[in-house]
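Work through the exercises below with the model open. Try each task before reading its solution.

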Amino acid sequence: AAGASVTLPEFSKVIITQAVLEELGVITVPSSSELIFGEDAGGAVITLDAAGMDVQGALRAGSETCVYDSELTITLHGSRPTDLDIYGKSPTATPTYKGISVNGGIISMHGKRHFPTWSRLAESVPI
């Protein structure tokens, strides 16, 4: 259902191969599970809209030997907490608030490489 939080089953690998049409709440990936973005067979953009993610297991798209060639868009939704202190922290906001929280898990995303990945400076930069 739209806005509902989702927890993947323990010891599972869930593969998303098409756009998720509803905006979800927080997506939780348990330590024994993986959320994997596969490519759409027709080359369509895969989109995922959520309030946040709690990755205790693995979040993957592509690999070093098989890059993710399609477009993947993850959009995080929510409002900024009104009780932020001077360090940008909130005593009431959860770590997954409009973000991806990685707690002992991994995020592994490998997409198209864009070259060059560096720039040559014409002169030294003063410090």
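Contact means heavy atoms within 4.5 Å. The model is predicted: local features need pLDDT of at least 70, side-chain atom pairs count only at pLDDT 80 or more, and totals for chains, interfaces and linings use all residues. Residues are numbered from 1 along each chain as its sequence is written, and side-chain values use heavy atoms, with hydrogens and water left out.

**Exercise 1. Describe the overall fold.**

Step 1. Count the elements. The protein chain has 0 helices and 9 strands. These are DSSP runs numbered from the N terminus (helices: H or I, at least four residues; strands: E, at least two).

Step 2. Check the contacts. Of those in the protein chain with a separation of 6 or more, 60% join residues 24 or more positions apart.

Step 3. Check burial. Buried residues are 28% of the 127 in the protein chain. Buried means under 20% relative accessible area, exposed over 50%, partly exposed in between (1.4 Å probe, protein chains only).

**Exercise 2. Find the salt bridge and say what it ties together.**

Step 1. Search. A salt bridge is a side-chain nitrogen of Lys or Arg within 4 Å of a carboxyl oxygen of Asp or Glu. The count is 1.

Step 2. Name the pair. Arg 60 bridges to Glu 34, with the closest N and O atoms 2.9 Å apart.

Step 3. Arg 60 is in strand β6 and Glu 34 in strand β4, so the pair ties together parts 26 residues apart in sequence.

Step 4. Compare accessibility. Arg 60 is partly exposed at 27% relative accessible area; Glu 34 is buried at 18%.

**Exercise 3. Which side chain makes a polar contact with Asp 49?**

Step 1. Asp 49 lies in strand β5.

Step 2. Look for opposite charge. Asp 49 is buried yet has no salt bridge, and the nearest such side chain, Lys 98, is 11 Å away. Lys and Arg count as positive, Asp and Glu as negative; His and the chain ends are not counted.

Step 3. Identify the partner. The Asp 49 side chain makes a polar contact with the side chain of His 77 (2.7 Å). Such a contact is a pair of N or O atoms within 3.5 Å; within protein, one must be able to donate a hydrogen and the other to accept it, and residues adjacent in sequence count only if both atoms are side-chain atoms.
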